[in-house]
There are 2 protein chains.
Amino acid sequence: MSLDNRAGRIPEHNPVADDGDELRFCSTCAFGSVCLPQGVDKTALHELHCLVEHAGPFQAGEHIFRTGEHFGAIFAVRGGTVKTCLVDDDGREQVLGFHLPGEMIGLNAIHPAKYPCDAVSLDTVYVCRFSFPALATLATRMPGVQQQLFRLLSQDIGKASLLAGDHSADERLAAFLVGIADRYAARGFSPTAFRLSMARSDIANYLRLAAETVSRVLRRFQDQGLIAVDGRDVTLTDPAALRHLARNIVHD
Amino acid sequence: MSLDNRAGRIPEHNPVADDGDELRFCSTCAFGSVCLPQGVDKTALHELHCLVEHAGPFQAGEHIFRTGEHFGAIFAVRGGTVKTCLVDDDGREQVLGFHLPGEMIGLNAIHPAKYPCDAVSLDTVYVCRFSFPALATLATRMPGVQQQLFRLLSQDIGKASLLAGDHSADERLAAFLVGIADRYAARGFSPTAFRLSMARSDIANYLRLAAETVSRVLRRFQDQGLIAVDGRDVTLTDPAALRHLARNIVHD
DNA sequence: GCGCGCGCTTGACCTGGATCAGGGCACGAA
DNA sequence: TTCGTGCCCTGATCCAGGTCAAGCGCGCGC
């Protein structure tokens with residue numbers, strides 16, 4: 001009942017990625033290298049732009065897609081943060097990942113042809129929707145599109161094994177923080193100061209820790225001078241030390 | 001020093017997947033649906049067969065590929081069992097997965113263009129080698145090949161998050177056993193009696209448990225009548241109970 | 001303003017599984 | 001045969017992090 005509250009798409013002005021931002025956004029998006037002109041076939045590029053639909057805003061708590069829905073498209077986050085998660089047989093939520101602007105969601109739905117998880121917006125979210133059948137067809141004509149898809153898919157396989165290893169709470173949290181920092185940095189945002197748009201309990205769930213442990217470790221990191229925390233705003237004051245803590249948790 | 005012992009490729013008769021088995025093997029392989037004739041373009045099919053190379057036997061402990069090597073191909077396991085693993089900065093091994101006959105390895109190497117892990121044979125292993133550039137080129141002409149690649153990649157993303165959740169030792173081991181059983185079943189082998197070709201310590205490492213815990217849980221499962229263990233040979237005597245234990249750890 | 005609820009923190013305690021230590025067994029080399 | 005050596009099992013102990021309980025602060029609806 002509370003799932004679809006505020007389901008109406010309010011056509012308010014988009015504060016993150018409005019039309020004026022489009023080119024700038026696309027240049028930082030995971031699909032940017034194929035969406036933007038780069039000497040490729042002009043007509044095929046036109047087709048690519050045709051199959052992209054902008055969607056949103058989604059308000060915090062709204063679903064972009066749900067577990068079991070027919071798979072028809074992958075999405076690039078244009079603005080806001082998306083959480084992917086699934087609910088197990090005992091009703092417990094399991095957070096699979098957080099997706100920042102420029103990142104893709106839905107890639108793990110190709111095989112079962114159904115979305116295998118929920119995608120929930122954590123704040124006001126805007127996305128680009130890529131119809132997958134159309135994209136796959138286009139990929140046969142544009143090797144660049146195909147390659148990019150292969151890359152994105154392959155990348156996600158590696159990422160998924162990040163949270164797998166048996167690492168201490170300190171390592172996990174350090175890796176989480178530098179991971180977020182790196183991803184923001186890659187999109188041109190500050191790599192040392194950012195806002196975590198997810199609740200502590202989501203972070204805890206994602207890292208397979210208790211929310212209490214997340215609190216305690218963040219507090220300790222702060223006491224040790226590694227970070228400064230103000231609610232959901234975090235500043236990395238000693239990124240090198242955090243990176244050292246996280247050294248055994250790989251990213252790309 | 002002990003890494004490359006018995007490195008010589010003994011040209012002994014292949015007991016698992018010799019030429020006589022080829023058709024039967026291909027029909028159970030992850031790539032079978034594209035390797036075998038199925039009404040697709042005959043000349044393209046011929047090209048696909050041309051780009052497949054058989055390799056092996058690899059003896060237990062030999063590497064099929066190593067971390068950091070240039071990515072040139074993906075592999076289908078024809079016979080034997082392959083372990084993928086990486087070694088972290090502190091020299092500790094981390095087992096990423098086990099790959100049975102019919103399964104693919106190397107898919108996570110596309111993005112970084114280098115193999116991000118080691119692939120080590122656990123027993124006598126035979127593989128089919130698919131040159132990836134050639135495969136990608138072929139995929140632009142054969143939508144079936146492209147689709148199959150997308151499916152395989154997407155599937156691996158899901159699998160990787162299997163061992164991620166915070167589950168008890170019992171759940172993990174139960175999921176591991178029914179997972180192996182299902183994968184053997186899918187390839188036409190017995191789903192209730194099989195041999196684990198990996199050491200207990202590898203299983204433990206893969207499941208993020210101590211080897212001692214694996215021993216103890218297997219012993220308890222045996223005492224509870226769920227399984228029968230004889231060294232590395234395992235029989236599932238109560239698959240339903242195991243499946244129930246593992247219910248919250250998803251597979252495809 | 002006031003009360004309520006939720007997100008976050010902190011402290012006290014408990015426990016699942018890691019770690020440490022030791023022993024058995026099978027197999028190959030000397 | 002005897003000695004390694006690798007793999008596996010088992011018991012005793014320990015500890016990181018989970019669980020439980022309580023309190024705090026802030027935003028929101030009334």
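1. Which helix gives the most to the surface near DNA strand D? In this predicted model, α8(B) gives the most, with five residues. The surface near DNA strand D also draws on other helices: α8 of chain A, together with α7 and α8 of chain B, each supply at least two residues. Of the 17 residues around DNA strand D, those that come nearest are S168(A), A210(A), T213(A), A199(B) and R200(B). By class, this surface has six nonpolar, four polar and seven charged residues.

2. At least two residues of the surface near DNA strand C come from each of α7 (200-207) and α8 (211-223) of chain A and α8 (211-223) of chain B. The largest share, six residues, comes from α8(A). The surface near DNA strand C comprises seven nonpolar, four polar and six charged residues.

3. The relation between the two protein chains deserves attention. In general, two copies of a chain are related by a rotation about an axis and a shift along it. Here, chain A is superposed on chain B by a rotation of 180 degrees with 0.0 Å of shift along the axis, and the RMSD is 0.0 Å. The two copies are thus related as by a two-fold rotation axis.

4. The next point concerns the contact between the chains. Chain A contributes 35 residues and chain B contributes 35 residues. On the side of chain A that touches chain B, β5 (93-99), α4 (132-141) and α5 (143-160) each supply at least two residues. The helix α5(A) gives the most to this side, with twelve residues. In composition, the side of chain A that touches chain B has 14 nonpolar, twelve polar and nine charged residues. Because 100% of the interface residues of chain A are also interface residues in chain B, the copies meet through the same surface.

5. L135(A), L138(A) and A139(A) of α4(A) make the contact with V145(A), Q146(A) and L149(A) of α5(A). Of these contact residues, five are nonpolar, one is polar and none is charged.

6. A further helix pair is found in chain B. The axes of α7(B), residues 200-207, and α8(B) come within 8 Å and cross at roughly 100 degrees. This angle makes α7(B) roughly perpendicular to α8(B). On the α7(B) side the contact is made by R200(B), S201(B), I203(B) and A204(B), and on the α8(B) side by A211(B), T213(B), V214(B) and S215(B). These residues divide into four nonpolar, three polar and one charged.

7. As to the overall make-up of one chain, chain A has nine helices and eleven strands. Of its 252 residues, 43% are buried. Among contacts in chain A between residues at least 6 apart in sequence, 74% join residues at least 24 apart.

8. How far apart in space are E53(B) and R129(B)? Their C-alpha atoms are 5.0 Å apart, while the two residues are 76 residues apart in sequence. E53(B) belongs to strand β1 (residues 52-58) of chain B. Because 12 other C-beta atoms lie within 10 Å, E53(B) is exposed.

9. Two residues in chain A call for a check of the backbone. A113(A) has a positive phi of about 65 degrees although it is not a glycine. This residue lies in the loop between β6 (104-105) and β7 (118-121) of chain A, and with 13 C-beta neighbours inside 10 Å, A113(A) counts as partly exposed. R208(A), also a residue other than glycine, has a positive phi near 60 degrees. R208(A) is placed in the loop between α7 and α8 of chain A. Is R208(A) buried or exposed? R208(A) counts as buried because it has 20 C-beta neighbours inside 10 Å.

Key
Residues are numbered from 1 along each chain as its sequence is written. Chains are lettered from A and ligands numbered from 1 in the order in which they are written. This is a predicted model: local features need pLDDT of at least 70, side-chain atom pairs count only at pLDDT 80 or more; totals for chains, interfaces and linings use all residues. Helices (H or I, at least four residues) and strands (E, at least two) are DSSP runs, numbered from the N terminus. Ala, Val, Leu, Ile, Met, Phe, Trp, Tyr, Cys and Pro count as nonpolar, Asp, Glu, Lys and Arg as charged, and the others, Gly among them, as polar. Copies are superposed by least squares on the C-alpha atoms of residues with pLDDT of at least 70 in both. Two residues are in contact if their C-beta atoms, placed from the backbone, lie within 7 Å. Axes are lines fitted to C-alpha atoms, for helices over the stretch in contact, and angles run from 0 to 180 degrees between N-to-C directions. Angles under 35 degrees count as roughly parallel, over 145 as roughly antiparallel, 65 to 115 as roughly perpendicular and the rest as oblique. A residue is near a molecule or strand if its C-beta atom, placed from the backbone, lies within 6 Å of it.
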